[in-house]
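Dear colleague,

Please find below the structure that I am handing over to you. I would be grateful if you could read the notes after it with the structure open.

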Amino acid sequence: MTAALVSLRSVSKTYRRQRQTIGALHDVSLEVECGEFVRLSGPSGSGKTTLLNLVAGLDRPDHGEIFVAGIDVARLSVSRASKYRAEQVGMVFQSYNLIPQLTALENVLLPMIALRRADQRRARELLDLVGLADRSAHNPAQLSGGEQQRVAIARALANDPALVLADEPTGNLDDQSAQRVMGVLTSAVRERGRTLLLVTHERGMRTAERSLELRGGVLLSASG
Amino acid sequence: MIWTKLTFGGFGRRLVEAIAAAIIIAATSAVVAASLMVVEGARNTLARAIRQDRPDIVQVKSRFNRALFETPRSGNLPPLTVPVYEPLIDPVGLQKAAADHQVVERQSLFRNVVTGNSFLNVYIFGVDPDAERQVSSFSLARGRFLRREDRAVTVLDQASARALGVDIGGSFPVRKADGTDLNLTVVGILDGVELRGAPPRSAETPSLTPDSTFVSSGAFVNMATSEEIFGRNSLTDAFVVASSVSEVRDLVAKLQETFRLEPGVFVTERFSQYQRKVGDFVLTFALFSVISIATVLFAGSFASSLLNDIYAGRRQQYATLIALGLSPTIAIAPAAAFGLAIGVTAVLVGGMAAAAFVPRPFAMPSLMADLGPTVPTMDWVVAGSMVAIAIAAVFVGLVPTVFRLVRQPIAMSLPEVNP
């Protein structure tokens, strides 16, 4: 039994939109252990991205506690949350979120710059790992969707984080590209023994060690 | 390279808005700089006027003697003494009226000096060496200036010294009131004299500025020597330096009361003229400040709005940088650097345009008649104000974006938020 890297206790989150209160998460409790690969699925609007954002410190819960690697994420200031992400978390977004005016290599270097240890050799190794060694000088606009997402994966691994959070990384890709991206992501994370929390609405993904399902902000099932 | 790209790259069509904002800031800077240059020029003119006018000084002078000097046509006639002003001012009464204010006494008289077969008209000024130098300026070419304890020594201007044929250490005779001669020894030669309240030039004398209608030359002696020559201690003219400008009105009233029964003594002040100049400056300042403020408000808000649009368009990028672990300060730094680059470049262009095209000297006849021509001046105050305005415009444009990034969850600024 390994120690829990991620721990959510009775986490709730609501949003107010045009005088309406929308419940995103209701009393969610969850533990993810070190090196675990957890798949979080559910229909659109079920609270998957909200949960990921809370774990990443990009948002704050209304109630409950979130601990990652012993850090009380819910109570971090904006700048401390940035430091936490730089040191502990790698993020892969559905829409890649690459900086368009930077090359693939420069995009991979960004998280390293946050920790003031930009290493071009390591960035090139990561691009090689995701099969894009020859595209390092290309801007995102010169890459396909699948290639952009692989650059995003290399960027997420730049600081060798303990936790990788992937928010529907294949949501914008065709099947062939999606398979390749998932292959790259899972193998890269597993090779390094890192923890992966993957949000997806695809039920067919079988590579996860544990699958969770969210519906209407409530964590319904947990299967190994 | 990454930071250059993050700061200046990837604007696309927003670059047009950035250029528009830069043009507006440049035009605003030009107008504001021109206005501030006029205000600064007026301020300099006022400062110069204060230095020259010395509103804190009140002049007390006797009636000017218009009698013609009779030039002796042969060496047998005795030298004549003609006053420049009549010596009507009682020094004790003046000192009493001046109370705690400083009195600068003067005996301004005129005498011809006969040496051998020649004679020379010379103005002789009895002055207090220390006090006089606070109101007049003397440029010493050689030797030293007068001292209070001196006896029978003089400081001459170059022109008079040359005409008398004397130099430092030399002497020349001056006939005293009792008919005997007093030899004055030259201890200093002046190459410049700016005598405050100099009397009108009434006779042909050697002069440092020959075209001037006022006396610009003479032999300066201390008051003790002057009293010995002329045999009296009454003054021809004097200055009273007020402790502060605000006390001038009361001082003038007191002096006028003291010399009320002496119709040959006049009290004049420059305080009223100074106040008119201050009034002119305030009007100039107000007018051009209103122009500056209105321009800054209208154009500045427009430029800020354009910058705000640019920053809002980049907010997702700044949020992404923060999401990747960069601190908010570092993530927003490219935005601030971009805005400052736009603002400072525009200010430089606007400032140079203003400096090149603003008319000089600049004068508004009715408004600044008393100030005279004002030379618009570009100095650190103007440059600093312009840079401050540009920084303010950039700051105002940046604030909403920074506020949203820092005060709201970063997740709200990332693309495709789907809770």
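The notes below set out what was found, beginning with chain B as a whole.

Please bear in mind that this is a predicted model. Chain B contains 10 helices and 11 strands. Of its 419 residues, 41% are buried. When contacts in chain B between residues at least 6 apart in sequence are considered, 78% of them join residues at least 24 apart.

One pair of helices in chain B deserves a description. Helix H8 of chain B covers residues 271-323 and helix H10 of chain B covers residues 380-407; their axes come within 7 Å and cross at roughly 40°. Because of that angle, H8(B) is oblique to H10(B). The crossing in which H8(B) passes H10(B) is right-handed. On the H8(B) side, the residues that meet H10(B) include Val296(B), Gly300(B), Leu307(B), Tyr311(B) and Arg315(B). On the H10(B) side, Ile389(B), Val394(B), Gly397(B), Pro400(B) and Arg404(B) are among those that meet H8(B). By class, the residues of this contact comprise 15 nonpolar, 5 polar and 2 charged.

I turn next to the interface between the chains. Here, 24 residues of chain B are in contact with 30 residues of chain A. On the side of chain B that touches chain A, helix H1 (2-8) and H8 of chain B each supply at least two residues. H8(B) gives the most to that side, with 5 residues. The side of chain B that touches chain A is made up of 15 nonpolar, 7 polar and 2 charged residues.

With kind regards

Technical notes. Residues numbered from 1 in each chain as written. Chains lettered and ligands numbered in written order. Predicted model: local features only at pLDDT ≥ 70, side-chain atom pairs only at ≥ 80, totals over all residues. Helix = DSSP H or I, 4+ residues; strand = E, 2+ residues; numbered from the N terminus. Buried ≥ 20, exposed ≤ 12 C-beta atoms within 10 Å, placed from the backbone. Contact = placed C-beta atoms within 7 Å. Axes fitted to C-alpha atoms, helices over the stretch in contact; angles between N-to-C directions. Parallel < 35°, antiparallel > 145°, perpendicular 65-115°, else oblique. Left-handed = near helix turned anticlockwise from the far one by under 90°. Nonpolar A, V, L, I, M, F, W, Y, C, P; charged D, E, K, R; others polar.
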